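Trainee: Could you show me how to read the sheets, helices and buried parts of a protein model, one feature at a time?
Mentor: Gladly; let us look at the model together and begin with a pair of strands.

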Amino acid sequence: MQLKTLMILSVVPDGRLEMCIREAAALSYRCVFCGPEADERVRQMADRCCEVDWNDTETLIRIAREEKIDGVVGVCDPVMIPASRVALALGLPGNTTESMEVLLTRDRFRSLQEREGLFCPRHAIFRSLEEIGDTLESFRFPIIVKPLLSSSSFGQSVLETGNGLEEAFETASRMSRNGAVCIEEYITPRSLCMVEADVFLMGDEIYWEGLRDSWRIESAPLRPLYDLYPSSLTEEETEIVRRDIARALKAAGVRIGYYDIEGFFTREGQFFIVEINPRQSGYYNPQHLELYSGVNLTRLLVSTAVGDMAYCESLKGFRRTRKNILSYSVFSRKDGYLDYVYIEPELLTHLKSFDSLYRLKRGDHVKDNLTAKWPVGQAAFEFDTREEMEEAREHLEDDIRVILL
């Protein structure tokens with residue numbers, strides 16, 4: 001039987017990229033990586049590496065035909081539209097380009113929420129400061145200024161008044177892939193505990209594997225710092241979350257793939273879907289999700305992309321676990337040079353994994369938690385009970401620290 005060939009698209013070296021390549025190898029697929037750069041690890045892991053502009057769809061389609069690929073996977077926001085175009089050109093499993101554009105473009109997603117009767121803040125899109133004019137006079141402060149096309153929390157600023165708007169706009173525009181900026185009324189969450197979910201869509205079926213508590217801290221309220229599995233939502237809240245996410249996915253027109261959803265309940269009890277990212281979550285969350293439930297969503301992603309339904313079918317009778325898993329992003333509190341990562345000895349006995357994308361070593365420069373793009377490391381801990389996990393959560397900032405030289 002001829003080996004299946006999977007094309008994987010990424011813009012930079014990425015933990016999700018490495019996970020996909022490993023799973024493809026475990027399934028005996030041939031793997032072709034396409035992106036602007038491939039580090040030494042990726043070159044060793046992939047069967048072929050093609051250095052190509054992530055947005056050069058014509059070249060990507062040519063390579064896909066030459067390699068006779070059976071499927072294509074994107075691992076980060078910028079490549080999801082090119083991946084959809086490659087799949088469409090070759091008649092492979094995938095989503096329409098239109099559906100990807102709806103999810104990836106903030107104003108189009110907000111418009112979808114408005115049409116579907118989902119909670120949505122007042123918002124507007126600007127391509128220059130001059131365009132703003134008196135638009136914000138009808139907005140309720142605080143506001144949040146963020147890139148129209150970007151990922152995670154990079155380039156976002158919350159303003160209590162109009163002071164600082166110029167600097168916030170320039171920062172967001174610089175981080176936006178097309179320079180445009182989205183300004184919204186800032187909706188205050190009911191707590192620093194948000195809702196995050198990794199789900200997989202296959203036709204009309206949604207695999208609700210990765211629903212979890214996603215915590216921020218006071219000093220960096222826009223950045224997820226640690227996750228707790230399982231979620232502490234009530235049954236009623238869980239039903240609301242599932243209902244609204246399913247409605248948004250259906251309205252977007254997606255039919256297959258991995259989705260990372262961020263949202264929260266407002267102080268008034270409304271569920272706000274902040275964003276739906278049509279790719280895996282970062283910071284090794286898919287691995288930690290497998291620790292929690294036993295389900296390997298990365299394997300599900302790469303196998304269904306090439307039309308291999310064996311693992312998908314096996315999950316229909318698979319008995320999930322519900323282990324108490326705490327996933328912590330280890331950031332430095334300030335700029336400096338790494339000495340080591342301290343983990344309190346008692347907490348260390350619960351450590352299940354520690355991953356570092358760049359394999360930082362002593363003496364390497366690290367940025368603070370407000371400006372660093374990647375954590376120093378990603379730690380996952382397992383506890384016997386929810387009570388043990390909650391007790392550990394209360395002391396995390398003291399018990400896990402980056403020690404600088």
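Trainee: How many bridges join strand β1 to strand β2?
Mentor: Strands of a sheet pair through backbone hydrogen bonds, either parallel or antiparallel. Here β1 (residues 5–9) and β2 (residues 30–35) run parallel and are joined by five bridges, and threonine 5 stands opposite arginine 30 of β2. Two strands count as paired if DSSP finds at least two bridges between them, while strands (E, at least two residues) and helices (H or I, at least four) are DSSP runs, numbered from the N terminus. Please keep in mind that this is a predicted model, in which local features need pLDDT of at least 70 and side-chain atom pairs count only at pLDDT 80 or more, whereas totals for chains, interfaces and linings use all residues. Residues are numbered from 1 along each chain as its sequence is written, and side-chain values use heavy atoms, with hydrogens and water left out.

Trainee: What is the order of the strands in the open sheet with parallel pairing?
Mentor: That sheet has four strands in the order β3-β2-β1-β4. β3 (48–51) and β4 (71–74) each have a single partner strand and stand at the edges, so one side of each has no neighbour in the sheet. Neighbouring strands are turned by 20° against each other on average, direction ignored; axes are lines fitted to C-alpha atoms, for helices over the stretch in contact, and angles run from 0 to 180 degrees between N-to-C directions.

Trainee: Which strands does helix α1 lie across?
Mentor: Helix α1 (residues 15–26) lies across β1, β2 and β4, running at about 175° to β1, and helix α11 (residues 297–305) lies across β1 and β4, at about 145° to β4. Contact here means heavy atoms within 4.5 Å.

Trainee: Which strands form the open sheet with antiparallel pairing?
Mentor: Its four strands have the order β5-β8-β6-β7, and β5 and β7 (157–159) are the edge strands, each pairing on one side only. β6 and β8 pair over five bridges in the antiparallel sense, with valine 145 having isoleucine 183 of β8 as its bridge partner. Helix α6 lies across β5, β6 and β8, and runs at about 155° to β5.

Trainee: Which residues of α6 are buried?
Mentor: Buried means under 20% relative accessible area, exposed over 50%, and partly exposed in between, with a 1.4 Å probe and protein chains only. In α6 (residues 106–115), the buried residues are Arg106, Phe109, Arg110, Leu112 and Gln113. Seen down the helix axis, they fall within an arc of 155°, so they line one face of α6; the arc is that of the directions from the helix axis to the C-beta atoms. What covers them includes α5 (97–104) and α9 (235–252).

Trainee: How many aromatic pairs does the structure hold?
Mentor: Rings of Phe, Tyr and Trp (its six-membered ring) pair if their centres lie within 6.5 Å, and planes under 30 degrees apart count as stacked, over 60 as edge-to-face and the rest as tilted. The structure holds nine such pairs. The rings of phenylalanine 200 and tyrosine 207 have centres 6.5 Å apart and planes at 65°, so this pair is edge-to-face. Tyrosine 226 and tyrosine 328 form a tilted pair, 6.0 Å centre to centre with 35° between the planes.
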